[in-house]
Amino acid sequence: MGAGPAGFFLAERLLGRADLPIAVDLYERLPAPYGLVRFGVAPDHEKIKTVTRSFDAVASRPGFRYFGNIEFGSEVTLRDLQRHYHAVCFTTGAQTDRRMGIPGEDLDRSYPATEFVAWYNGHPRFRHLRFDFSAVERVAVVGVGNVAVDVARILTRQPAALAGTDIADDALAALRASRVREVYLLGRRGPAQAAFTTPEARELGELPCADVRVLAEEVALDPLSRAAVERADDRMLRKKIEVLQGFAGRAPAGKPRRLTLRFLVSPLALLGDARGGVRAMHLARNRLVAGPGGDLKAEPTGDVEELPVDMVFRSVGYRGVPLADVPFDEKRGIVPNAAGRVLHPHTLHPIPGLYVAGWIKRGPSGVIGTNKPDAAETADAIVADLRSGAAPAPAVDDGAAIEGLLRERQPCLITFEDWKEIAALESARGEANGRPRVKLTEAEIKAKLGCP
Ligand code: NAP
């Protein structure tokens, strides 16, 4: 359930079992597959999207079926699935965002980064949003993960460079009209704790349109961080710190935009103007102290500064959403599980035949490839349960029956053959415009497929 990376990696592992004939039906609620590869990966990171070729190879294997445009909970329920399959696995990812929990968070021009990302990637459920940069000069992005870096890059790139990508047309138009000059990335801890990866940090120093800046005192390691870095003995982490400290010695090259990475600062409140829009934020300055688990955590020093900004994106992580009739751990935003087997919330025993993989299993961490071993672990649990009989036999063991039921409930069921037709159209449109693809909207896809 969910045709993103985790769903495809799971299908690949299951279909690769020579010793056990397994058929896999992969469901997707959207009209297009690939999940965050299509709707999350930044448009200027086209190379990462080539992983869809291996997903297409999985889809061409015997035993694979794809049911797109089917919403779990309404068009198909857990009961339906349990009646028709030995095993049901959720690979639905983390579909919403975490909040900062500070005053002013809901002012105008304060947005979750997840929505901005989905919008510039043409996600059908977010296409209606509007981000207007035509009167905005200063933007703060809260958080220093890879999503925050993606947002900062998209805001500071020249639109001409994005015009050759698969970015949504509305987003390109909004960015062409942008008056953004100053972007801040705000980390509550220090450079050694920044969540973004080293190549992403390096890329920020190579932006053609923006000078990158850090404050020397904020990228210098405090004694606790220095000791932690020495203990970790992690070459990539050292490199990342070196990259960030290298930014401190740079003279501005006079580029039209400026990107400032701040560390050891936490937003306390967003301040509004007379019309209810963001005009500034209060930032607490932090120091690092040892937390109970040994991690270094931010503690306010008592110093507060006001940072004038016209727009804020909170990029403090994704969060899973509950699935109808499936246990959910509200605190962690995941389905409780042991190595992919869904656990009953009270007995903590595995619920026979119910599994999870990807972000809904472990939370929103890692890169796309991280989902491969994660899905393999779940796939192996499924295989073990099929072999031992722990996965219950379905009441209806007939592949045609479920397809009939789905078509009854959703006359616009999209198969992988349908999708390939759409993908070919998107590529042809892209080729004609010097872009990898031009994404069709939900309405265009349905019209092309002759959906009612
Ligand atoms: P993330 O990596 O978990 O980063 C979240 C950031 O938000 C951290 O810096 C965190 O700081 C900060 N934060 C959390 N709560 C905060 C608060 N209340 N106030 C201030 N800061 C707060 O999440 P993400 O950036 O959303 O990325 C999700 C996953 O997708 C990650 O695994 C990421 O690597 C992956 N991804 C990869 C790519 C790529 O490969 N290019 C691109 C996009 C996303 P603390 O560390 O102090 O908690």
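How many residues lie between β11 and β12 in the hairpin they form, and which residue in the turn has a positive phi? Five residues lie between β11 and β12, and G294 in the turn has a positive phi of about 95°. The structure is a predicted model.

Strand β11 covers residues 278-290, and strand β12 covers residues 296-308. β11 and β12 are antiparallel and are paired over 10 bridges. Within this pairing, N286 has P300 of β12 as its bridge partner.

β11 also pairs with strand β10, which covers residues 265-272. These two strands run antiparallel and are joined by seven bridges. A269 is placed opposite H282 in β11. The hairpin of β10 and β11 has five residues between the strands, and G276 takes a positive phi near 85° there.

Strands of a sheet pair through backbone hydrogen bonds, in either a parallel or an antiparallel sense. In this model, an open sheet of four strands has the order β3-β17-β16-β15, with mixed pairing. At its edges are β3 (88-90) and β15 (337-338), each of which pairs on one side only. Helix α14, made of residues 371-388, packs on the sheet and touches β3, β16 and β17 (350-356). The direction of α14 makes about 150° with that of β17.

N337 has V342 in β16 as its bridge partner.

## The ligand and its surroundings

There are 21 residues around the ligand, and those that come nearest are N146, R188, R189, E200 and G366. By type, the residues of this shell divide into nine nonpolar, seven polar and five charged. Helix α6, which spans residues 146-156, gives the most to the shell, with three residues.

- For N146, an N or O atom in the side chain is 3.0 Å from an oxygen atom of the ligand.
- For V147, a polar backbone atom is 3.1 Å from an oxygen atom of the ligand.
- For G366, a polar backbone atom is 2.7 Å from an oxygen atom of the ligand.

On its own, the ligand has 920 Å² of accessible area, and the protein covers 80% of this.

Methods:
Residues are numbered from 1 along each chain as its sequence is written. This is a predicted model: local features need pLDDT of at least 70, side-chain atom pairs count only at pLDDT 80 or more; totals for chains, interfaces and linings use all residues. Side-chain values use heavy atoms; hydrogens and water are left out. Two strands pair if DSSP finds at least two bridges between them. Contact means heavy atoms within 4.5 Å. Axes are lines fitted to C-alpha atoms, for helices over the stretch in contact, and angles run from 0 to 180 degrees between N-to-C directions. A residue is near a molecule or strand if one of its heavy atoms lies within 4 Å of it. A polar contact is a pair of N or O atoms within 3.5 Å; within protein, one must be able to donate a hydrogen and the other to accept it, and residues adjacent in sequence count only if both atoms are side-chain atoms. Accessible areas come from the Shrake-Rupley method with a 1.4 Å probe; for residues, only the protein chains shown count as cover. Ala, Val, Leu, Ile, Met, Phe, Trp, Tyr, Cys and Pro count as nonpolar, Asp, Glu, Lys and Arg as charged, and the others, Gly among them, as polar.
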